[in-house]
Amino acid sequence: MKRNVMWSAVGAGLLAASGVAWACADTSCSPSWKLGSTDLDCASNAILSPGNDSRVNLLFLLRGKAGLGVNPASYPALEYQSSGYGRNFVDWQLLNEGLFPRPPRAEDDYGPDFAGSRCISLNTGTPAFLAALNANAALSASERAGLTEARQRLEQTCRGSDEADKTVWPAGLTSPVAKAFLTYLQASEAFYDERWDAARQGYATLAQAPDPWLRETGVYMLARVALNAAQAKAFDEYGWYEGLKSIDQAAVKQAHADLAAYLKAWPNGRYAASAIGLQRRALWLAGDTGALAAEYARLLGAVPAGSEQAARLVEEIDNKLLFAGDRPAAASGPLLLAALDLVQMRETHTYDDEGEAQVGKPALTEAALAAQAPAFAGEPELYGFVQASHAFYVQKDYRKVLALIPDDARRSEYSPVAFSRQVLRGMALAALGDRNEGGFWRELLGGAKALWQRPTVELGLALHMERRGQVAQVFAKDSPVQDTTIRKILLTHSAGPAVLRGVAQDGARPQAERDAALFTLLYKQLTRGDYAGFIGNRALVPAGANTDAALWNFTEQETIPVGLFTKGRWSDGYPCQSIAATAQKLAQNPHDTAARLCLGDFLRLNGFDGWNELDDSPDKDELGGHARDFAGQPLTRESIYAGIIANRAAPANDRAYALYRMVYCYAPSGYNGCGGKDVEVDQRKAWFNQLKREYPSSPWAKKLRFYW
């Protein structure tokens with residue numbers, strides 16, 4: 001028998017709709033360090049925004065409505081996939097870990113749970129099945145044993161294993177109740193094996209079973225059979241959902257009837273909660289988003305907002321309503337409507353026939369938003385925020401934002417909506433260049449007490465200071481900007497030598513921040529021609545400074561290899577002295593070809609090739625993208641070699657080594673690993689031939705055997 005257990009959800013969580021990918025952010029990239037956006041970003045702010053994951057927005061709204069805010073005990077630990085988030089950004093997983101921390105799972109707790117498939121109910125249903133066997137006195141001991149063993153056949157079916165074919169159904173079942181239990185198992189195997197007619201026929205016979213558990217379970221399973229049959233053709237061979245057109249609406253109608261029959265007979269039954277959830281599933285399969293929206297609005301008012309159940313409901317709503325794929329999105333009630341409005345303020349992105357991205361206008365118009373006023377009755381703050389968000393992100397009318405959101409920056413604490421309102425006001429002040437912006441952010445700090453709130457305000461203030469040319473004030477002793485990630489971003493991209501040196505010597509700051517400042521200072525002085533400054537500041541490197549930590553995310557990593565500038569490698573063949581001696585020569589003569597080649601070797605041998613985190617600039621609207629207080633342009637090894645090759649007066653050995661290294665820039669990939677622009681293979685061949693022709697007796701000509 002061929003086994004093909006389709007991976008499709010079975011409970012209230014429903015199916016994976018085609019639009020869900022737009023809800024959340026891709027964890028493979030880093031967030032943009034700014035406040036709010038009309039583009040879906042890698043992570044979400046602590047403020048409600050179009051660029052947030054819509055699930056984050058809706059959970060913030062739900063918790064705020066219940067007066068909970070966002071106050072878990074501590075910040076959740078960041079992992080590699082949340083690298084670069086700092087304490088300003090979250091994704092859906094990180095937010096859940098912060099709100100609902102779980103103990104680590106034991107190694108033996110990773111059995112087959114069949115998550116995401118029909119079979120998810122197999123293991124959870126086993127205790128109830130065994131309890132029903134034990135509770136029925138009409139079963140003999142041998143019948144119980146045989147039926148218990150026979151249930152293992154279902155797990156083999158769910159595994160897609162042919163071992164189930166080798167399991168023989170128990171013989172010698174003489175009592176009517178034992179035969180009824182066997183009918184249940186056989187119907188269940190048909191259900192898990194996608195033989196819907198056989199499953200339905202088997203469960204239907206249990207309506208008159210002599211056991212109460214079998215009677216109730218049989219009626220409930222009829223509804224599950226109908227729902228699974230309805231979606232049987234809804235997925236392609238790779239598991240992608242094919243859309244509403246692929247749903248068997250006759251089976252959906254049958255499921256509605258079966259669920260109604262079950263709830264009428266057992267309104268408080270063991271499966272009542274699941275049956276109610278499956279009614280939502282039936283509405284979704286039928287494409288009735290209006291009725292589904294009304295039911296979700298009701299549930300949002302009933303679910304405990306601080307529970308993990310609330311987060312699962314939000315996930316379902318996002319998947320099945322806000323991003324309904326081939327169904328029109330729908331919303332009912334102010335919370336759902338606000339969440340959908342924020343989604344529809346995003347810029348639309350399409351692609352033309354040549355694959356070029358085309359940016360379109362957001363779907364939500366000012367007129368459509370005005371027509372929603374009755375739906376927000378009783379929620380003036382929320383409606384005002386939605387209107388102000390539209391004014392800011394869509395209309396670009398920043399004065400209208402100020403009119404809609406009065407200054408309320410002196411509260412002792414803020415709900416998610418109240419906090420989002422004030423941050424949006426601060427963003428409008430920034431857009432207008434208002435002279436009161438800095439004071440506004442400082443006042444807002446006092447009430448920004450929930451997790452992620454204070455760093456958000458500090459980000460607003462830091463952006464303001466950078467735009468005003470006040471980077472040094474961020475690092476003043478009395479600066480309210482204390483978030484280390486924010487400070488590191490400004491240190492690595494915006495700060496000048498004086499600020500970097502001051503932070504490196506500030507014993508009150510965390511060691512990682514001090515090391516970041518010193519590393520940045522020494523690296524930039526060495527690669528931007530301030531060799532005398534490098535020599536002087538190199539003395540600040542502690543004796544035991546790290547040399548072997550990898551450079552992977554400079555603003556996040558705790559250990560920074562600042563010891564490279566005192567104990568790093570500086571030679572592997574070409575005769576070089578220490579980097580201190582090399583810098584001393586360059587301070588005396590920046591054109592010293594041997595010293596320049598040794599500087600190149602220092603950069604190569606210590607892993608700086610391809611690492612440009614301190615050289616790249618964020619976008620202008622992001623933190624670190626405005627100020628450039630460190631003079632000079634970064635040096636590349638490619639430019640060192642090109643300059644020496646072009647210098648006919650350079651010593652022969654130096655020119656030969658420069659040619660050798662220039663060719664090796666392309667080994668072995670054929671791409672330039674030394675910075676600068678790539679050249680075609682003909683140019684690499686020309687360098688190779690030049691080395692062999694002009695310096696045939698040099699060790700570098702003898703060592704170089706290929707060009708790439």
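The face of helix H4 turned away from its buried side carries the exposed residues Ala141, Ser142 and Glu149; exposed denotes over 50% relative accessible area, buried under 20%, and partly exposed the range in between (1.4 Å probe, protein chains only). The model is predicted, and local features therefore need pLDDT of at least 70 and side-chain atom pairs count only at pLDDT 80 or more, whereas totals for chains, interfaces and linings use all residues. Residues are numbered from 1 along each chain as its sequence is written, and side-chain values use heavy atoms, with hydrogens and water left out.

Helix H4 spans residues 141-150, and its buried residues are Glu143, Arg144, Gly146, Leu147 and Ala150. These residues lie on the same side of H4 because they cover an arc of only 165 degrees around the axis, the arc being that of the directions from the helix axis to the C-beta atoms. In an α-helix, residues three or four places apart point the same way because there are 3.6 residues a turn. The buried residues of H4 pack against helix H3 (120-135), helix H5 (152-158) and helix H6 (176-192), where contact means heavy atoms within 4.5 Å. Helices (H or I, at least four residues) and strands (E, at least two) are DSSP runs, numbered from the N terminus.

The structure holds 3 disulfides, each defined as a pair of cysteine sulfur atoms within 2.5 Å. One of these joins cysteine 119 to cysteine 158, with an S to S distance of 2.0 Å. This pair links distant parts of the chain, 39 residues apart: cysteine 119 lies in the loop between helix H2 (92-99) and H3, and cysteine 158 in helix H5. The torsion about the S-S bond of cysteine 119 and cysteine 158 is about -85 degrees, so the disulfide is left-handed. Cysteine 119 counts as buried at 1% relative accessibility, and cysteine 158 is buried with a relative accessible area of 4%.

A disulfide is also formed by cysteine 576 and cysteine 598, whose sulfur atoms are 2.1 Å apart. Distant parts of the chain are linked by this pair, with cysteine 576 in the loop between helix H25 (564-567) and helix H26 (579-588) and cysteine 598 in helix H27 (residues 593-605), 22 residues apart. The S-S torsion of cysteine 576 and cysteine 598 is about -95 degrees, and the disulfide is therefore left-handed. Both cysteine 576 and cysteine 598 are buried.

Cysteine 665 and cysteine 674 are likewise joined by a disulfide (S to S 2.0 Å). With a torsion of about -100 degrees about the S-S bond, the disulfide of cysteine 665 and cysteine 674 is left-handed. Cysteine 665 and cysteine 674 are both buried.
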